[in-house]
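Hello,

Here is the structure I said I would pass on. My notes on it follow below.

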Amino acid sequence: MTLMKSLMGAAAAVALTAGAALAEPALIFDLGGKFDKSFNEAAFNGAKRWADQTGKSYREIELQSEAQREQALRRFAEAGANPIITMGFGMADPLSTVAPDYPDTKFVVIDVTWLDAPNLRQVGFAEHEGSYLVGMMAAMASKSGTVGFIGGMDVPLIRHFGCGYAQGAKAVNPDINVVANMTGTTPAAWNDPVKGSELTKAQISQGADVVYAAAGGTGVGVLQTAADEGILSIGVDSNQNHLHPGKVLTSMLKRVDVAVYDAMKAGDEVETGVFTMGLAQEGVGVAMDDNNAELVTEEMSSAVDKARQDIIDGNISVVSYYENDSCPALQF
Amino acid sequence: MEFFVTLIQVFDSTIRLATPLLLACLAGLYSERAGIFDIGLEGKMLMAAFFSAAVAAVTGSVWLGLLAGIASSLALSGLHGLASITFRGNQLISGVAINFLAAGMTVLVAQSWFQQGGRTPSLFGGGRFTPIEFPFAEAISTVPIIGPIYSELLSGHSILVYIAFLMVPLTWWVLYRTRFGLRLRAVGENPAAVDTAGVSVVGLRYAAVAICGVLCGIAGAYLATALQAGFVKEMTAGRGFIALAALIFAKWRPWHAMGACLLFGLLQAVALRFQNIDLGGVVIPVQVMDALPYILTVVILAGFVGKAIPPRAGGEPYVKER
């Protein structure tokens, strides 16, 4: 019934706006849900910003199961939504089957860069560049000469984070000791804050006084323990500085909201192809706000600003872990 | 000396990691000794972790949180009892159902109450169990050997850790030195004999399942309000299953259960402290350490190191002869 209603509604809307050729964009959240304080919430924030600024509306759905991925894509496509924005690498397979069926609809996917379809905009992020900057800050804030990295599940993406971090830390202090740990090798590693805490304690006992968590829900335990034990931590994805004000040095931002906002702003004229959002596109960055203002010294922020410019200009090249599946600065 | 310091740190971590295992393991021990298999330990811990964190976050009192955690775990225990004792259902299926129920319910309720993506807000102040410092811990800490052992290893854990370890002699005493314990063990071995003696099999089994619920509740509360400061979805991360493995490894005996949990805790602590262990050329990857509890359990079950014989009436619903 509701499907029928929305289909008819959509048909009416298409008929009404046919002259203006304006279609509503649609946003499909991944399984984490709209309010996950991270990846999906960032997408929601980007969409909300677009809606507030333009006064227009968009359609959205929160996926509840794997099986709904293709169904949701087809439903939005049939209803005439354009572009259809999807989140996460889980959408790669459904998109590769659905996108060719709707050649006139533009699809946008975040965190996927390896598909081949003419009506697809694929957006990846240069996480290693952002991690490089927080690695520099960690090395400058560290008094012990040891900094830590705690990853979630041991996958190339997380090694990619850790690799950039180690390179940044070593750029500031070539003798710095980077202790890197992964929480585990199964998806349970994304949600094991107890293990995150123990890893943090183990790294503290090895001398680390700044730890960077790229570990989803496990990171909650890392940040908590770091705050309890009086060392600094670095958050990831969204701005996590507010979780423990004055205890979180900074957060490595992944501006999913910008990617979503840009796609919605471009509407059905959105450019297709593969795009990587690095520092130059402000796709990644470091979080500076009132919560960490006292932790960030003048020296730190100027060094970070300089490095950011150097990376954009190509004077500093941060090696990506993906290039040859190894890291020059860190042994995993 | 540096080696000694590392050793103390690893043992300290062992105690923290072994505590939830030990509580869940003893919980399973009561239940299985009474003839009720319980693979829902994981689900009960998870439910208790959520409700203890949620109530502690709302009221600001960790003790109310602990009570709520125990109550929620007890409710699931009651469900398990209802399904497997009263209605004589399959105990394994009921346990699996409880695990799924807890995994889904916790996130659903958390999202509906707090809108934080299935988390509870961070706990602070009175909402958390704080470490207990033993008297003179500070003063004695500089004494070599004994100082660090006393001030770092023994002192400085939350009260639930001490409760967990005190539960071990208590469980031994209850099971082997009281009338209730004798009947509890008998009901797991030969319920017909207990029934003939005029003691209620159903009542005893419900009592055992209830004790199991209380202990799982404490274990869950320990995870969410003592080790952590809040609930995160799926935060038990398989500890209920490791506790079950420890129970089999210990052959359903309390002191051995403590040994098994400490051993499994030690394996985890070593895996966290030293990622890949290099034994003179042979590198043991961290995954081996993570898998070792299960491997050891299989070895024990296969009968290579003594035989693990479960309580004879375990898994069998009791039907009175007519």
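In chain A, 68% of the contacts between residues at least 6 apart in sequence join residues at least 24 apart; two residues are in contact if their C-beta atoms, placed from the backbone, lie within 7 Å. This is a predicted model, in which local features need pLDDT of at least 70 and side-chain atom pairs count only at pLDDT 80 or more, while totals for chains, interfaces and linings use all residues. Residues are numbered from 1 along each chain as its sequence is written, and chains are lettered from A and ligands numbered from 1 in the order in which they are written.

Chain A has 11 helices and 12 strands (DSSP runs, H or I of at least four residues for helices and E of at least two for strands, numbered from the N terminus). Of its 332 residues, 55% are buried, that is, with 20 or more other C-beta atoms within 10 Å of their own. The C-alpha trace of chain A spans about 65 × 40 × 40 Å along its principal axes.

In chain B, the axes of helix 2 (residues 41-59) and helix 4 (residues 91-114) come within 7 Å and cross at roughly 15 degrees; axes are lines fitted to C-alpha atoms over the stretch in contact, with angles from 0 to 180 degrees between N-to-C directions. The two helices of chain B are therefore roughly parallel (angles under 35 degrees). Residues of helix 2 of chain B in this contact include B:Leu46, B:Met47 and B:Phe50, and those of helix 4 of chain B include B:Ile98, B:Leu101 and B:Trp113.

Regards

Technical notes. Buried ≥ 20, exposed ≤ 12 C-beta atoms within 10 Å, placed from the backbone. Parallel < 35°, antiparallel > 145°, perpendicular 65-115°, else oblique.
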